[in-house]
Amino acid sequence: MNANENYYPKQLLEAVEPYRRALVNHKVYSAISSIEHVRTFMETHVFAVWDFMCLLKALQRVVTCVEIPWVPRGDPETRRLINEIVLGEESDQTPGGSYCSHFELYLMAMSQAGANTQPIRTFIEKLETGHLVHVALEQSRAPKGAAEFVLNTMDTVRLGKPHCVAAAFALGREEVIPAMFKEIIAKVRREGRMDLDCFDFYLERHIQLDGDEHSILASKMLANLCGDDATRWNEAIEIAISSLQSRDLLWDSVEVFADTCSLTA
């Protein structure tokens with residue numbers, strides 16, 4: 001049994017398992033067989049790396065106090081859980097001993113691998129100048145699948161329900177990421193390319209943090225936010241399934257897009 005399962009009701013585990021298994025077994029992993037395929041994957045996946053931070057900060061905003069004047073807000077254990085995850089995701093240590101977010105680390109990995117970073121950098125620039133997310137996605141020419149994925153995540157955030165955001169974060173992202181990345185990192189290592197060192201480090205770091213630490217913290221947080229409220233757990237199930245389905249469609253879009261550079265299953 002996965003340690004995270006101790007925090008979830010049986011109904012939730014049974015409901016999400018088919019979607020989780022389908023995602024873990026997605027054929028996009030076996031399709032990645034060259035540096036060109038890795039670049040194509042990264043150019044879409046980077047938008048999911050960005051909107052993961054949106055889920056994280058949305059949770060931090062609602063379960064802790066980030067305003068002035070400060071007042072104690074929410075459950076102290078839940079505050080601790082989210083702040084521990086934020087520390088690792090927003091200011092992790094790099095191989096060189098400095099600190100950066102995992103999103104910034106991913107951008108470095110893309111540059112090293114020769115992937116096109118212009119769409120995601122344009123997207124961030126548009127956001128920094130006040131553009132709405134959907135406008136920034138359009139003007140940056142983000143891959144269609146990535147844009148749809150991000151908008152689905154933003155819909156979850158706009159619900160304004162902490163347990164729903166936590167469900168997308170814990171069940172749609174954190175828990176399934178290590179299994180997905182183990183497939184990719186094996187391909188990266190077989191590639192034996194020096195220009196993938198940063199990406200290799202990023203993947204290893206996610207396997208370490210998400211598999212051993214953050215997924216358990218996220219599971220505890222979701223359990224704290226739902227408590228004994230059956231309605232909240234039911235909503236968490238709906239959001240978790242929606243998030244897993246959205247990720248599956250994102251991977252489908254990577255596969256279709258990568259077909260243009262001869263990606264084969």
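A salt bridge is a side-chain nitrogen of Lys or Arg within 4 Å of a carboxyl oxygen of Asp or Glu. The structure described here is a predicted model, and it holds ten salt bridges.

R80 has a relative accessible area of 57% and is exposed, because the class of exposed residues begins over 50%. E84, with a relative accessible area of 34%, is partly exposed.

A salt bridge also forms between the side chains of D92 and R205, at 2.6 Å from N to O. D92 and R205 are both buried. In the salt bridge of D229 with R232, the distance from N to O is 3.9 Å. This distance qualifies because the cut-off is set at within 4 Å. D229 is partly exposed, at 33% relative accessibility, and R232 is also partly exposed, at 37%.

The whole structure contains eight aromatic pairs. In the pair of F41 with W251, the ring centres are 5.2 Å apart and the planes stand at 50°, so the arrangement is tilted. F41 is part of helix α3 and W251 is part of helix α12 (residues 230-258), so the pair connects parts that are 210 residues apart in sequence. Both F41 and W251 are buried. F47 and F123 make up a further tilted pair, with 5.6 Å from centre to centre and 55° between the planes. This pair, too, links distant parts of the chain, since F47 is in helix α3 and F123 in helix α6 (residues 118-128), 76 residues apart. F47 has a relative accessibility of 1% and counts as buried. F123 is buried as well, with a relative accessible area of 0%. Together with W50, the residues F47 and F123 form one aromatic cluster.

The packing of helix α3 was examined next. Two packed helices are described by the angle between their axes and the distance between the axes. For α3 and α6, the axes come within 10 Å and cross at roughly 35°. On the α3 side, the contact is made by V46, F47 and W50, and on the α6 side by P119, I120, F123, I124 and L127. The residues of this contact divide into eight nonpolar, no polar and no charged. F47, W50 and F123, which take part in this contact, are the members of the aromatic cluster.

Helix α3 (residues 35-63) also packs with helix α8 (residues 144-158), and here the axes come within 9 Å and cross at roughly 5°. The two helices are therefore roughly parallel, because angles under 35 degrees fall in that class. From α3, the residues T44, F47, A48, W50, D51, C54, L55 and A58 meet A146, F149, V150, T153, M154 and V157 of α8. Eleven nonpolar, two polar and one charged residue make up the contact of α3 with α8. F47 and W50 of α3 meet residues of α8, and they also contribute to the contact with α6.

Two further residues of helix α11 were considered. L203 lies in this helix and is buried, with a relative accessible area of 0%. Apart from its neighbours within four places in sequence, L203 is in contact with F181, I184, I185 and V188. From L203 to M180 the separation is 23 residues in sequence and 9.9 Å in space, C-alpha to C-alpha. E213 is also placed in helix α11. At 39% relative accessibility, E213 counts as partly exposed. E213 and P95 are separated by 118 residues in sequence and by 19 Å in space, C-alpha to C-alpha.

Terms used. Residues numbered from 1 in each chain as written. Predicted model: local features only at pLDDT ≥ 70, side-chain atom pairs only at ≥ 80, totals over all residues. Heavy atoms only, no water. Axes fitted to C-alpha atoms, helices over the stretch in contact; angles between N-to-C directions. Helix = DSSP H or I, 4+ residues; strand = E, 2+ residues; numbered from the N terminus. Parallel < 35°, antiparallel > 145°, perpendicular 65-115°, else oblique. Contact = heavy atoms within 4.5 Å. Nonpolar A, V, L, I, M, F, W, Y, C, P; charged D, E, K, R; others polar. Buried < 20%, exposed > 50% of the residue type's maximum accessible area, 1.4 Å probe, protein only. Phe/Tyr/Trp six-rings, centres within 6.5 Å; stacked < 30°, edge-to-face > 60°.
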